[in-house]
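Trainee: I am new to this structure and would like to go through it with you. Could we look at it together?

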Amino acid sequence: MPNLIKNKSLKELNTFGINSIADNFYELNSDIDIFEFIAEIDKVAKPIYFLGAGANTLFTSNFNGSIAKINTKGIVLKFEDDDYLYVEANAGVVWDDFVSFCVANKYYGAENLIAIPGTVGAAPIQNIGAYGVEAKDIIHMVYYYDIESFTLNQLEANSCKFAYRDSIFKNELKDKIIITKVLFKLSKKPTFKLSYGNINDALKIKGIISPDIFVISATIKEIRDSKLPNIEVIGNAGSFFKNPIISKEKLEELILDFPSIVSYDVSDTEVKLAAGWLIDNAGLKGYQIGGAAVHQNQALVLINKDNASGKDVMDLSKYIQKEIKQIYGVDLFPEVIFV
Ligand SMILES: Cc1cc2nc3c(=O)[nH]c(=O)nc-3n(C[C@H](O)[C@H](O)[C@H](O)COP(=O)(O)OP(=O)(O)OC[C@H]3O[C@@H](n4cnc5c(N)ncnc54)[C@H](O)[C@@H]3O)c2cc1C
């Protein structure tokens, strides 16, 4: 059984930098650690929270249970066919190390997901996405332990119920499983997606007409770095809220009052609103509660400005939800998980 650490500060283990104290803390560094932890789960104080890099987690107070940090490493090319390469990574692998591995080897498909903080094991949970690509586009299989039945299972991507920042792991399987490995399917041929955001513009400025995987990933990283606060300097969890999906009818109503509202088509009947625009237009950039604030440049990012507590961030997020509902009649839902 992995070592138990009592009263562990989680400050360095969540990107918000919230100084929550966990009553019990375990680090699972190998498949054997995971196996033993689950085998002896009856003895582990509840509730249990499986933690990756804490890049999508808000600790709202001290944690009166057990944190199990997944720290298993290892990336391996399992097999290949004429068109695809199948790469397996353990859950604790840093996501960006996995993407960098793919880029370095010219395994195509993951490059737009460069520089997203977090671990491989958490990527399927909310189907991470950026610049027109989602984890579901490259996930082939997810391997997990079912904690209750103590069985090792696998789910093919098309059974994971992947949707916008959503999956079966956030719903039916929530709190019931621990993801151990993910098998990815990368392409042998370039399949670049450059139309999203300002990738094409950034490449044009550089005078690059036929970019390769190295230039594309570097350019996307530069764009991200210029837009998002550095987690090493300012605690945050990236986009705090999901972009709300509303009907086209509702959009037409909103356009009458807010002609410059930003939206993207998602189907014949629905659009996705830019949550950042809603917050910015509500005049909330820079708004602060306790030590938590809305980022001055990126309204969708809440920051730990001044030694914030988890409650400060939670109170700020609730205030924003209330204001957005009042102004636009639209519900905002957090992307970040409150613990
Ligand atoms: C600066 C910044 C930028 C970001 N940009 C993006 C972006 O562009 N796109 C995007 O989609 N997200 C983005 N995010 C959010 C974050 O990167 C992702 O949600 C990421 O997947 C979180 O990984 P993690 O390991 O830190 O998860 P954690 O916060 O540790 O955990 C998240 C959830 O996954 C569960 N979990 C973690 N590992 C396992 C496991 N092995 N088994 C079972 N459950 C597990 C946890 O219990 C929790 O429910 C950003 C975050 C930051 C800080």
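Mentor: Let us begin with a definition: buried means under 20% relative accessible area, exposed means over 50%, and partly exposed lies in between, with a 1.4 Å probe and protein chains only. This is a predicted model, in which local features need pLDDT of at least 70, side-chain atom pairs count only at pLDDT 80 or more, and totals for chains, interfaces and linings use all residues. Residues are numbered from 1 along each chain as its sequence is written, and side-chain values use heavy atoms, with hydrogens and water left out.

Trainee: Is Asn-307 buried or exposed, then?

Mentor: Asn-307 counts as exposed because its relative accessibility is 67%. The loop that holds Asn-307 runs between strand S19 (301-304) and helix H7 (310-328). Helices (H or I, at least four residues) and strands (E, at least two) are DSSP runs, numbered from the N terminus.

Trainee: What is the phi of Asn-307?

Mentor: Asn-307 has a positive phi of about 55°, although it is not a glycine. Most residues other than glycine have a negative phi, and most peptide bonds are trans.

Trainee: Which peptide bond is cis?

Mentor: The bond from Lys-46 to Pro-47 is cis, with omega near -5°. Pro-47 sits in the loop between helix H1 (31-39) and strand S3 (48-51).

Trainee: And what about Tyr-131, buried or exposed?

Mentor: Tyr-131 counts as buried, because its relative accessibility is 11%. Tyr-131 also has a positive phi, about 50°, without being a glycine, and it lies in the loop between strand S8 (129-130) and strand S9 (133-134).

Trainee: New topic. How is the chain divided into domains?

Mentor: There is domain 1 (5-70), domain 2 (75-187) and domain 3 (235-338); such bounds come from an automatic or database domain assignment. The C-alpha centres of domain 2 and domain 3 are 28 Å apart. Four residues from domain 2 and five residues from domain 3 take part in the contact, where contact means heavy atoms within 4.5 Å.

Trainee: How much area do domain 2 and domain 3 bury between them?

Mentor: They bury about 490 Å², with 49% of it on carbon and sulfur atoms. Buried area is the accessible area (1.4 Å probe) that two parts lose on being put together, summed over both. On the domain 2 side, Tyr-164, Arg-165 and Lys-170 lose the most area to domain 3, together 80% of what that side buries.

Trainee: Back to single residues. Where is Leu-85 found?

Mentor: Leu-85 belongs to strand S7 (residues 84-90) and counts as buried, at 6% relative accessibility. Leu-85 and Lys-185 are 100 residues apart in sequence, yet their C-alpha atoms are 5.7 Å apart in space. Leaving out residues up to four places away in sequence, Leu-85 touches several residues, among them Leu-77, Phe-79, Tyr-107 and Phe-184.

Trainee: What does Trp-277 touch?

Mentor: With residues up to four places away in sequence not counted, Trp-277 touches Phe-258, Ser-260, Ile-261, Val-262 and Tyr-328. Trp-277 is part of helix H6 (residues 275-281) and counts as buried, since its relative accessibility is 16%.
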